[in-house]
Amino acid sequence: MMQQTYELHVDLSEGTVASYIPKLAEADPGWFGLTLASATGSRFSSGDSQQEFSIQSIAKAFVYALVCDAVGHEEVRERIGVNNTGLPFNSVMAIELNEGHTMNPMVNAGALATTSLVSGSTWEEKWEFILQGLSAFAGRDLELDEGVYASEMETNMRNRSIARLLQSYGHITVDPARVIALYTRQCSLRVTTEDLAIMGATLANGGVHPITGTQVVGADVSRDVLSVMASTGMYEASGDWLFEIGMPGKSGVAGGIVTIAPGKGSLATFSPPLDAAGNSVRGIHATRHLSHKLGLNLFSSTDRARQ
């Protein structure tokens, strides 16, 4: 089924590779990889599943999980928020319309506020907390893409503005420039669809890595993260995503998408051409197809009285 899904969607030509980060513009628009990982550790892949790419905004979900695990449910909900903005991921207007408060951790403002709460007494300790945490989710040591990091740091003026604005409202209380660097580093980690599928399967498995058996985060944290991903993980297209696919998902502008079926497993896709909201076009089509074929939509139901 994975190979059939790959063949069905590999020739889609819609979408545009992200160009506002120069390094991402170098991606081959023909790349397309799929991996399905179960909560018991089985993996099925097709296409360019071992092609590395930068995790980008998908890191937001996993860093949020680490911060929730360290800080707690109530404080994170109060300080970061859980509601959709209905606006683009890098919106400044969303902050101003909500009296300087972030709305959720899956858009840039909320992710920057989340990153400012990362544990550690020094900035290097904070980075090690993120790096080790995301590596624990993946089950291997992830590495930084220095080229992507440098490219993003040269072009992230909007994020710098957002961080300064949050500082002016008191929602970032540490050096915003260091927060930006830390956030950009986490987005620049290299992954494959096989990594992402296992990372997602860890959340699907109550925070326990399905292969290593490590309890990366608590089951209650996994629940909270999946709830926020379901409602906000695909930016302003999150409603369409939930309506069509019916599972928590998170995208990144390098072309990755991770989708999670709680208690069952996770699907990861990678294809660089994006739609207007910044979500992979092939990834959306492939995920919709597999969601329907495998009956993964969380809102599906049957009339058992007639069975």
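Predicted model: local features only at pLDDT ≥ 70, side-chain atom pairs only at ≥ 80, totals over all residues.
Five strands form an open sheet in the order β2-β1-β8-β7-β6, and their pairing is antiparallel. At the edges lie β2 (43-47) and β6 (249-251), each of which pairs on one side only. From one strand to the next, the twist averages 10°.

Strands of a sheet pair through backbone hydrogen bonds, in either a parallel or an antiparallel manner. Here β6 runs antiparallel to β7 (residues 256-261), and three bridges join the two strands. Within this pairing, lysine 250 is placed opposite valine 258 of β7.

## Helices on the sheet

Helix α2 (residues 58-71) lies across β6 and β7, and its direction is at about 125° to β6. Helix α13 (residues 281-294) also packs on the sheet, where it touches β1 (33-38), β7 and β8 (265-270). The direction of α13 makes about 150° with that of β8.

## The α7 and α9 pair

Helix α7 (residues 146-155) and helix α9 (residues 176-187) have axes that come within 9 Å and cross at roughly 140°. Angles over 145 degrees would count as roughly antiparallel and those of 65 to 115 as roughly perpendicular; α7 and α9 are therefore oblique to each other. Their crossing is right-handed.

On the α7 side, the contact is made by Tyr149, Glu152 and Met153. The residues from α9 are Ile180, Ala181, Thr184, Arg185 and Cys187. By class, the contact residues of the two helices comprise five nonpolar, one polar and two charged.

Key:
Residues numbered from 1 in each chain as written. Heavy atoms only, no water. Pairing = 2+ DSSP bridges. Helix = DSSP H or I, 4+ residues; strand = E, 2+ residues; numbered from the N terminus. Axes fitted to C-alpha atoms, helices over the stretch in contact; angles between N-to-C directions. Contact = heavy atoms within 4.5 Å. Parallel < 35°, antiparallel > 145°, perpendicular 65-115°, else oblique. Left-handed = near helix turned anticlockwise from the far one by under 90°. Nonpolar A, V, L, I, M, F, W, Y, C, P; charged D, E, K, R; others polar.
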